[in-house]
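Come along and look with me.

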Amino acid sequence: MAGGGGGGGGGISPLGPAPPMWYHRDLSRAAAEELLARAGRDGSFLVRDSESVTGAYALCVLFQKHVHTYRILPDEEGFLAVQTSQGVQPKRFKTLNELVSLYLQPSQGLVTTLLYAVDREETVSDDRDYSDGEDEKPPLPPRSASTSTPPGPDTPTDSPPAANGLSTISHEYLKGSYALDLEAVKQGASSLPHLNKTLVASCKRLNGEVDKVLSGLEILSKVFDQQSAFMVSKMIQQSVNQGGDQELENLVTKLAVLKDLLSSIEKKALKALQDMSLSSPCPPPPLCMRHSKAIPVQAFEVKLDVYLAELTKIGKSQKYTLSVDVEGGRLVVMKKVKDSQEDWTTFTHDKIRQLIKSQRVQNKLGIVFEKEKDKSQRKDFIFTSAKKREAFCQLLQLMKNKHSNQDEPDMISIFIGTWNMGSVPSPKSVTSWVLCRGLGKTLDEMTVTIPHDLYVFGTQENSVGDREWVESLRAVLKEHTELDYKPIAVQSLWSIKIAVLVKPEHENRISHVGMSSVKTGIANTLGNKGAVGVSFMFNGTSFGFVNCHLTSGNEKIARRNQNYLDILRLLSLGDKQLSSFDISLRFTHLFWLGDLNYRLDMDIQEILNYINRKEFDPLLKVDQLNLEREKNKVFLRFAEEEISFPPTYRYERGSRDTYVWQKQKATGMRTNVPSWCDRILWKSYPETHIVSNSYGCTDDIVTSDHSPVFATFEVGVTSQFVSKKGLPKSSEQAYIEFESIEAIVKTASRTKFFIEFYSTCLEEFKKSYENDSQSSDNVNFLRVGWSNKQLTTLKPLLSEIEYLQDQHLLLTVKSLDGYESYGECVLALKSMIGSTAQQFHTYLSHRGEETGNIRGSMRVRVPSERMGTRERLYEWISVDKDETGGPKGKSTMGSRPGHEPSVVRKQLGELGKVSEEGERKEETAARSKQDTLDSDPSICKNSYNNPAYYILEGVPNQSAAALSPELLPSPTSANPQAAKAPPSSAAARNKPPCSASGPPHTRRPLTGHPVRAISEEGSSEDDGGVCMTGAQVGGVGGTVGSTLNRPPPDFPPPPLPKGALEMAADPTFPKPRPLYPDLTEVRISAAGTAAPAALGEGFRRGGGVGPGALDDQSCSVLQMAKTLSETEFPGQPPRAPSAPPPLRGPPMGLGLDACRTFPPRNPITESIAEDMPEEGLWGSSSSSLSVGESSVGEWLQKLGLERYEQGLLHNGWDDLEFLSDITEEDLEEAGVRDPTHKRMLLESLRQQPQPK
């Protein structure tokens, strides 16, 4: 294991010659508690490394079923002492053995005498794990074992950091040479040669770096600043053959020259360019733009979508051609009229207001056009395929971006590829890999050659040199894009490599580049297995990329899991201030790729039969990675696109027709079943935009026994925000305020806790006071709470809403005894903005494992002067949520399952369109928030509200007994919908299914338009598996429906209450079936079914719930243990008087499952007019338009004017939403010429309530 616990100095190891058996080097806090719980005797103890202080230790002692932790800290002389309270003199020891020996004696100040040592478990490493069974010996590392391009510090995790080297130089001077200089001064010397020598050695690297910078700026200085140019050239020449006093003096002079040059060159360059612009007003375009390939005009054959009721009257759907001119910024809509004539209309990019994707019909798209007089009209088109629809949307987004007046992009596209090259050079052409051609989910040919902004290539068993490999990739990209991509980072560990290339126009937007590697080969010392990583900032958005090669072998699942956890903990990437958080929480977006080596647990012949029939779902059910993710062993809350391509390993080299699954070894026949070893996963902060556009493998690159895998992503990015109003005054300061926070942590400790808050919007991290409430009914869990007075108010650096809605807050719950983290999480500020407190609820994790949950009430107050915002490019596309149903065979997943807090969202329609004058009326805000609650489909389940998940393996019956049988999960699933359609594809595990899903939706996560719209921000997938009911608010310019954003329910669901079980017996609902076989033995007792109202009700804006109401919320372990079941959450706002108590159980007639907790509105029959705005469905019963009428025809029929239906539909007035914009001229064009009839129609429309 890498890392170590040497806390002593002076050359004497505090562990002595051999580490004692009670010392556990890299043991985590949670694992230590588990070992002590297994021991089960008071006085059991062990020592592990401290997680909070490098070089320190933690002494963990079990007493009365609780674990007590004492920090052992080294002092300046290397002596060790147990940390004591203030004023108590500590006892000092040279070694850990001496320290422990003292505390083995009674009455030494600990909670109990140390009695029983808990020894570490020695693991025997299998030295035969090399490279997928291909080699008898591990491959030798390349001559350059670890390189990085461009040059930068490459600090292996098992060597001391560079700072320690400089510290050693200083120590050497102070211990030895200092005395020589002192002696020289006593003898009258006027200089300190030894100190000078030390300074020169310390600044050696700085000298070289300054030379590089000056050389790079020499040409610029000659062009724009001739005065500085002479000094720069002189300094560069003098840097050769300088030494001693001259070298140090020369460095100081060079720094002064560099300072002057940097402070003046921009002004002088600006003046020179202004002078040039007068003589040549049309300068040539930048090089990066001059050579970019123009995108040709693309035409799409579509049909105008009309409702079934109208088809009988107007005949077949009309054929249209949509032509997209990206370069010209135009969309031409052309339809064929009689006698082969064509009628066409041109819309410029600024006249296309919104694209609306249908969830139920995958090839259907609504386009909202802006007409004259600031009016809009929507038309729905049917494309020939879903892939064509996505290509059309991508081209229109590209057009919008190209002609945007924004200086910085809102969205970028990323290509990610992973390939185990099999230790042979790549073929001459890897075009199919770069262009995403092959099997699986691929891009349309119309868009396949559009350049991506970032390319990330991860390879394993790559025998090609770094420079040669990067240049070959650049050549391939230049051939297909005509752009000269810039390498921003290349990192290698033996034959594991990662290379990141960026469009030249983005090179200056990349900053804070970091690189790291971790060895996980034999004894964690060989680099034939391990990981390399790269991190950087793209403007204001942080990215992390990890490429790994994990242990091979069908049976080595546990070792692969440990490889993953080691990489997660030891890879040194991202902001160093976030050391309390593992890398899965340090980045806005983290992508994890590589040869993960997880295999299929199925007989080889069955596997081959399924592959031949192209039936992948049964195989994905036995995929080891999917199974381990279901158990929360690895990749907690990561997402993976649906797998629809065959296993990428192990092919016969030279062909893709045959899998080679047997190999004769000296130890016998080795079997390597075909498997999806090569994977790409990701994890993103909540309420960020990320869409997976492709995921597949090539079928024509045959040099390796692995096929290359590719994926592409559309990712929202933020710019480095610059306030137009300057720093906020005290009256214009935004505040982040907490009313209360409560956490349930998985621990046997009973110490006090505090919370640390981190964010890029804060000047520095902040701490709360210690918790002021604490309770537990279960030895393995602790509930801790902070009231308002214990929580600090946070002041963001900037107060603009446009800035704050892109920010996130990281929280870590730490103990007072050891300052170690017991769990971390991330919250999005976007949902918290408003004048009233919003509630959040999310999971806590530590070192890749789930450790509990946290909830609270908070608000982000933004002054009215800072409320202006703008529309993001990725918000321009929305998803229709008013449809029920989805494509068959598709399970729902969250686009950002990485960190989905169960947040009661503030209406983004309210947020996104706030005017400069200030906020909207509080009454409207309150109503929209209540609507959010009423329409929320569910509070999804997860592991931290299931007590069965928390029973520690091997723990004595004390913990199991604390969970009475009635509290354990029932084999009856809480998900009738899932029972009806059990997960049958990769998505069932790759993308965690929603336990509250209605009919499944598309897999593709999309974030839509938050303002004008027909739909809220994104599909159900966008909200972490929150599946939509058929009740969202629509309408251009209206406030839109919102959803809850929460962790996906990828864990065994909690038990159903009694009432829900009774409802499940109703023939309306399908018979549930167990989702997780390992829990089927557990039975729920009759006593347990009459559970009281769950605490989870407090998370929502709900108060009391009447007896007999149905619920399935089970918000926490302690609630399940009957401690919290009858308490209300502090700071909980009362339910609006008009709101009915929540129905607990599935609403009849909608097919929703039993875990939905909010009352449905009146169920409606699904209309063929699937894209109709929902005001027309859920509006007031007094409206002549909005209740029951789902088409223009019905409205006209009620007025007795159905004769005009065909004319209105022919002219595009086919949607009730847009009829409110119709004018007299429009009516005349549609054939309504009778003045009386025109008045009737317009008067009827004016009487309708406006969308809210």
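Below are my entries, one topic at a time.

**Ground rules.** I am working with a predicted model, where local features need pLDDT of at least 70, side-chain atom pairs count only at pLDDT 80 or more, and totals for chains, interfaces and linings use all residues. Residues are numbered from 1 along each chain as its sequence is written, and side-chain values use heavy atoms, with hydrogens and water left out. My helices (H or I, at least four residues) and strands (E, at least two) are DSSP runs, numbered from the N terminus.

**Entry: a sheet.** In what order do the strands of the open sheet stand? I read eight strands in the order β11-β10-β9-β8-β14-β13-β12-β38, with mixed pairing. For my notes, two strands pair if DSSP finds at least two bridges between them. The edges are β11 (342–348) and β38 (877–880); each has a single partner strand, so one side of each is left without a neighbour in the sheet. Direction ignored, neighbouring strands are turned by 35° against each other on average. I also found helix α10 (residues 386–402) packing on this sheet, where it touches β8, β9, β10, β12 (352–358), β13 (364–371), β14 and β38. Contact here means heavy atoms within 4.5 Å. The direction of α10 makes about 155° with that of β12. Axes are lines fitted to C-alpha atoms, for helices over the stretch in contact, and angles run from 0 to 180 degrees between N-to-C directions.

**Entry: strand β9 and its partners.** I then looked at β9 (residues 319–325), which is mostly covered, with six of its seven residues buried. Buried means under 20% relative accessible area, exposed over 50%, and partly exposed in between (1.4 Å probe, protein chains only). Strand β8 (residues 298–304) pairs with β9 in the antiparallel sense over six bridges, and there I saw Gln298 opposite Val324. On to β10 (residues 330–336): β9 runs antiparallel to β10 and is joined to it by six bridges. Ser323 has Val332 of β10 as its bridge partner. The hairpin of β9 and β10 has four residues between the strands, and in it Gly329 takes a positive phi near 70°. I followed β8 onward too: three bridges join β8 to the antiparallel strand β14 (residues 375–383), with Lys303 partnered by Ile382.

**Entry: two helices crossing.** At what angle do the axes of α27 and α31 cross? I noted roughly 115° for α27 (residues 1192–1199) and α31 (residues 1235–1246), whose axes come within 11 Å. The two are therefore roughly perpendicular to each other; angles under 35 degrees count as roughly parallel, over 145 as roughly antiparallel, 65 to 115 as roughly perpendicular and the rest as oblique. Trp1195, Leu1196 and Leu1199 of α27 make the contact with Met1240, Leu1241, Ser1244 and Leu1245 of α31.

Entry: Most residues other than glycine have a negative phi, and most peptide bonds are trans. Glu461 sits in the loop between β17 (454–460) and α12 (466–481). Is Glu461 buried or exposed? It counts as buried, at 7% relative accessibility. Glu482 also has a positive phi, of about 60°, and lies in the loop between α12 and β18 (486–493). Glu482 is partly exposed, with a relative accessible area of 40%. Lastly, I found a cis peptide bond joining Tyr649 and Arg650, with omega about 5°.
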